[in-house]
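Hello,

Here is the structure for you to look over. My notes on it follow below.

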Amino acid sequence: MNQNKSNQEKSMKKFMIIWIGQFVSILGSGLTTFGLSVWVLETTGSAMTFTMTVLMRVLPGIIFAPIAGTFADRRNRKNIIIFTDAFDALLKIFMIILLVSGQMKLWMIFPINFISAIFGTFQGPAFTASIPEIVPKKNLGRANGMMQLIPSIQNIIAPVVAGALYPLIDLSGLLTIDFITFFVAIGTVVSQKIPQPVIKDKRVNMGNIINDFKYALTYLKGKQGFFSLIAVFALLNFIANLSFVLVGPIIMGNYNSVIYGMVNSLSGVALVLGGLVASTIPTSKNRVKAIFISLILSGIGLCVMGVSPLWYIIGVGFFIFMLPVPFTNATLGTIMQVKIEGKVLGRVGAVIDGLLKIITPVAIVLSGVLAEKVFNPLLIDGGTLSNTWIGSLIGVGKNRGIGLMFILSGLILIVVCVLMLFNKVVMNLEENNPDAVLD
């Protein structure tokens with residue numbers, strides 16, 4: 001009994017060391033992401049251009065998901081984490097050189113974002129699949145909640161720090177800080193032994209990639225409730241991203257990088273609180289129901305974001321929207337890690353991640369087009385809706401059409417979540433045995 005407890009403590013200690021490294025690294029990446037957003041919006045002022053930069057960060061997660069999953073299950077996961085971090089650090093050096101020499105052009109941001117996201121796509125499945133190998137099953141909910149805390153704290157600190165430093169050290173300075181944090185992440189991963197499942201076939205070729213992809217799809221299709229859950233989440237991602245990616249344009253259109261940073265920090269506070277809930281409250285029963293109930297709150301947050309152009313109202317709505325996100329992600333991650341066998345978690349998890357994002361690019365492209373070509377013109381002075389009750393309710397002027405998009409997305413999100421609470425196929429996924437593996 002004492003030996004078992006001691007092993008669990010050692011496992012959590014190992015996880016904590018790696019967690020600290022990831023926290024520092026992702027905090028540095030947050031400075032770069034925020035700095036790039038400000039740089040693009042200051043350079044162009046275009047919502048469509050901004051959403052295209054976001055699109056470049058999303059596409060690799062869809063295109064390369066099957067390959068990343070195969071690597072995660074057939075190659076050493078620790079090495080994958082180290083090499084992807086190292087290559088991303090080299091990319092940051094390249095960007096610094098371009099900025100300092102005055103050679104950085106707007107078009108370069110698109111391939112740079114795309115390449116950086118490729119590294120993240122390969123690292124994600126390797127890291128996620130490693131967690132159940134490090135942490136005992138009883139502590140998975142806690143560990144996943146802690147992983148959700150990383151981007152949560154990042155969203156508090158990074159926007160404020162980056163927003164304040166950007167006018168002083170520019171994007172190149174933020175990139176330099178990001179590069180330095182890489183050494184902390186590498187050091188913590190290198191110093192720890194990450195268990196690896198026994199691999200019978202380590203070959204990574206097109207045949208294995210295709211076979212692994214087919215296997216993962218067959219695995220999921222055979223579990224009707226689980227596949228339905230993934231399909232619904234993909235739809236919810238689409239709905240949320242129709243407006244979520246426009247937070248930058250709606251704030252920067254009327255305010256500056258400091259205010260933009262403060263709004264993002266409010267969302268970060270929400271993510272931290274949500275992460276604390278996810279890491280402390282047990283969710284061994286009714287996990288699926290808890291997810292959809294919590295996401296109704298996100299829909300309410302989107303509606304609040306749209307009712308006023310005032311930054312603090314948008315910030316409060318953003319806070320409400322983000323509050324359930326860590327709990328939702330951690331709970332879904334726990335369901336995946338419990339239900340899917342560890343030896344195939346990399347490939348199946350990567351395909352799940354790809355399916356969750358598969359229609360997100362459509363939402364991102366549509367959001368910019370709808371904002372500039374449809375909704376914003378409706379609510380400018382003299383626009384079709386400017387003299388209606390809608391214009392009176394949410395205001396008329398610059399980017400108020402984006403506000404209307406927030407409200408519509410929020411209402412649709414709420415309706416879908418309520419409908420899912422009455423969907424027996426999805427709700428019965430964990431009814432009999434929440435911890436049973438889907439085999």
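**What was found**

The protein chain has an accessible surface of about 18700 Å², and 67% of that belongs to carbon and sulfur atoms. Accessible areas come from the Shrake-Rupley method with a 1.4 Å probe, and for residues only the protein chains shown count as cover.

Before the details, a word on the source. This is a predicted model, so local features need pLDDT of at least 70 and side-chain atom pairs count only at pLDDT 80 or more, while totals for chains, interfaces and linings use all residues. Residues are numbered from 1 along each chain as its sequence is written, and side-chain values use heavy atoms, with hydrogens and water left out.

**Overall fold**

The protein chain has 18 helices and zero strands. Both are DSSP runs numbered from the N terminus: helices are H or I with at least four residues, strands are E with at least two. Of the 439 residues in the protein chain, 56% are buried. Buried means under 20% relative accessible area, exposed means over 50%, and partly exposed lies in between (1.4 Å probe, protein chains only).

Now contacts, meaning heavy atoms within 4.5 Å. Take those in the protein chain with a separation of 6 or more: residues 24 or more positions apart account for 86% of them.

**Cysteines**

A search of the whole structure finds zero disulfides. The criterion is a pair of cysteine sulfur atoms within 2.5 Å. Cys-303 has a relative accessible area of 15%, so it is buried. Cys-417 is buried too, because its relative accessible area is 0%.

**Helix H3**

H3 covers residues 65–74 and is mostly covered: eight of its 10 residues are buried. Those buried in H3 include Pro-66, Gly-69, Asp-73 and Arg-74.

Phe-83, Phe-87, Leu-90, Ile-93 and Ile-97 form a nonpolar patch on the surface. Together they have about 500 Å² of accessible area. Patches are made of residues with over 30% relative accessible area and no salt bridge; like charges are joined within 9 Å, nonpolar side chains (Val, Leu, Ile, Met, Phe, Trp, Tyr) within 5 Å. A salt bridge is a side-chain nitrogen of Lys or Arg within 4 Å of a carboxyl oxygen of Asp or Glu. Ile-97 sits in helix H4 (residues 77–100). Its relative accessibility is 52%, so Ile-97 counts as exposed.

**Helix H6**

Start with Thr-181, in helix H6 (residues 140–190). Thr-181 counts as buried because its relative accessibility is 11%. A polar atom of the Thr-181 side chain lies 2.6 Å from the backbone oxygen of Asp-178. Leaving out residues up to four places away in sequence, Thr-181 touches Val-24, Ser-25 and Gly-28.

Ser-172 also lies in H6. It is buried, with a relative accessible area of 17%. With the sequence neighbours up to four places away left out, Ser-172 touches Ile-96, Leu-99 and Val-100.

Asp-170 is partly exposed, at a relative accessible area of 40%.

**Loop between H16 and H17**

Asn-399 is placed in the loop between helix H16 (389–394) and helix H17 (400–421). Asn-399 has a positive phi of about 65 degrees and is not a glycine. At 11% relative accessibility, Asn-399 counts as buried.

Best wishes

Notes
A polar contact is a pair of N or O atoms within 3.5 Å; within protein, one must be able to donate a hydrogen and the other to accept it, and residues adjacent in sequence count only if both atoms are side-chain atoms.
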